[in-house]
Amino acid sequence: MKKRIIAIVIARMSSTRLPGKVLIDICGRPMLGHIVDRLRRVKSIDEIVLATTNKNEDKPLIEFAKREKIKSFAYKGDPEDVVNRIRKTAERFYADIIVNVNGDCPLINPSTIENLIQALIMHNAERALTSQVNGRRHEGVDIFTLRAWQKVDENSTKSYQRQNTTGCLHERPDILRTVEIEDEPIFYELNHRIWVDTPADLNFIREIYKRLYKPGEIVDLRKVIRLLQKEPELMEINSYVRQKKLQDKSKKIVFRADASREVGMGHIMRCLALAQQLQEYHFCGVNFVTKSSNGVVDMIRERGFGVKVLPQGISKNDELNEVVNFSQDYGADRIILDLKGNI
């Protein structure tokens, strides 16, 4: 009897370091669109399902799925519980085999995914992944049977394990029968991050797509590797970004700073430099509150940060309330003030 194979694309709009990244434009198509295009080239996949939440902020993802003519699942539980979200999605769509796909990896390779699916079936395994060579294996996709994922759910007892698709397997790899296959040799020559967590990562991926993407086609990962070997300076765009580890915790920071002819640009530029360090090295999400001009606001947004603009004539008391309320709504852990005077 043929196994029903479901690709589950895990996506939310509330990424800490780069909010809304999954729908950000890359060469005229949302990042998720490029992922869907690649999954459509995997012959064994019967259905592509976008697994998100029922939060209002994730409604654009449901609309995206409708436009793409793929299924979606709006999980009603804890938005941070990725493990159970995948399980409920797989059970809802009667999956026998789950292809777990991260929504921020726009260069997954279709033939590798197909080979992993066939290896799982052939070896009657519970999980399939590419073998590790020099610390590298194919990123952004993992293959499981439904029963295997139910085991993952049952064994993910800590909060950080439930927030990561394979958290408990890093600590207990023995709970599943796993088959490993060798990927194409050229893929092991890739020694650079190709997923999108920060604005620097996005800039890197956009440069890759700018050079290699043709509408109606997908960017061949082999060509990406050859391009990076030919133009290694491209890797400098995001080479300094630190990868978040399993137990690293994200933080949210609000900066309150202004720039004007009277106070100069020093406050904003200092805060932007610190914000970039916090974002790319310490997994922080960043928003600004400012009374600056449109040009300064545009500059902040171009750096990948959110901005709330205060009116110029706002009273000190109203300003304080606006900063506090905005920070509470954002879920900020810290507020950093860099002002000439006091609020």
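Biologist: How many residues of helix H1 are buried?
Modeller: Helix H1 (residues 31-39) is mostly covered, and nine of its nine residues are buried. Buried means under 20% relative accessible area, exposed means over 50%, and partly exposed lies in between (1.4 Å probe, protein chains only). Helices (H or I, at least four residues) and strands (E, at least two) are DSSP runs, numbered from the N terminus.

Biologist: What is this model based on, and how are residues numbered?
Modeller: This is a predicted model, in which local features need pLDDT of at least 70 and side-chain atom pairs count only at pLDDT 80 or more, while totals for chains, interfaces and linings use all residues. Residues are numbered from 1 along each chain as its sequence is written, and side-chain values use heavy atoms, leaving out hydrogens and water.

Biologist: Back to H1. Which residues are buried there?
Modeller: The buried residues of H1 include Met 31, Leu 32, His 34, Asp 37, Arg 38 and Leu 39.

Biologist: At what angle do H1 and H2 pack?
Modeller: Their angle is about 40°, and the axes of H1 and H2 are 11 Å apart. Axes are lines fitted to C-alpha atoms, for helices over the stretch in contact, and angles run from 0 to 180 degrees between N-to-C directions. H1 and H2 are therefore oblique to each other. Angles under 35 degrees count as roughly parallel, over 145 as roughly antiparallel, 65 to 115 as roughly perpendicular and the rest as oblique.

Biologist: Is the crossing of H1 and H2 left-handed or right-handed?
Modeller: H1 passes H2 in a right-handed crossing. A crossing is right-handed if the near helix is turned clockwise from the far one by less than a right angle, and left-handed if anticlockwise.

Biologist: Which residues meet there?
Modeller: From H1 there are Leu 32, Gly 33 and Val 36, and from H2 there are Leu 61, Phe 64 and Glu 68. Contact means heavy atoms within 4.5 Å. By class, the contact of H1 with H2 has four nonpolar residues, one polar and one charged. Ala, Val, Leu, Ile, Met, Phe, Trp, Tyr, Cys and Pro count as nonpolar, Asp, Glu, Lys and Arg as charged, and the others, Gly among them, as polar.

Biologist: What about the loop between H2 and E5? Is Lys 69 buried or exposed?
Modeller: Lys 69 lies in the loop between helix H2 (59-68) and strand E5 (71-75). Lys 69 is exposed, with a relative accessible area of 74%. Its phi is near 60°, a positive value in a residue other than glycine.

Biologist: And Ile 70, buried or exposed?
Modeller: Ile 70 is also placed in the loop between H2 and E5, but at 13% relative accessibility Ile 70 counts as buried. Not counting residues up to four places away in sequence, Ile 70 touches Val 36, Arg 40, Ile 48, Leu 50 and Ala 65.

Biologist: Where is Cys 27 found?
Modeller: Cys 27 is in the loop between strand E2 (25-26) and strand E3 (29-30). Cys 27 has a positive phi of about 55° although it is not a glycine, and at 36% relative accessibility it counts as partly exposed.

Biologist: New topic. How many residues are in the largest nonpolar core?
Modeller: The largest nonpolar core has 58 residues, and those with the most contacts inside it are Leu 32, Leu 39, Ile 45, Leu 50, Val 99, Ile 113 and Ile 143. Apart from it lies another core, of 23 residues, among them Tyr 75, Phe 93, Ile 98 and Leu 146. A nonpolar core is a set of buried Ala, Val, Leu, Ile, Met, Phe, Trp, Tyr and Cys residues joined through side-chain atoms within 4.5 Å.

Biologist: What is Val 99 in contact with?
Modeller: Leaving aside neighbours within four places in sequence, the contacts of Val 99 include Ile 5, Ile 8, Ile 45, Ile 113, Val 141 and Ile 143.

Biologist: Other helix pairs. At what angle do H3 and H5 cross?
Modeller: The axes of helix H3 (residues 82-92) and helix H5 (residues 146-155) cross at roughly 150° and come within 9 Å. H3 and H5 are therefore roughly antiparallel to each other. Their crossing is left-handed.

Biologist: What about H8 and H9?
Modeller: Helix H8 (residues 199-212) and helix H9 (residues 221-230) have axes that come within 11 Å and cross at roughly 105°. That makes H8 roughly perpendicular to H9. The contact is made by Phe 204, Ile 208, Arg 211 and Leu 212 of H8 and Lys 223, Val 224, Leu 227 and Leu 228 of H9.
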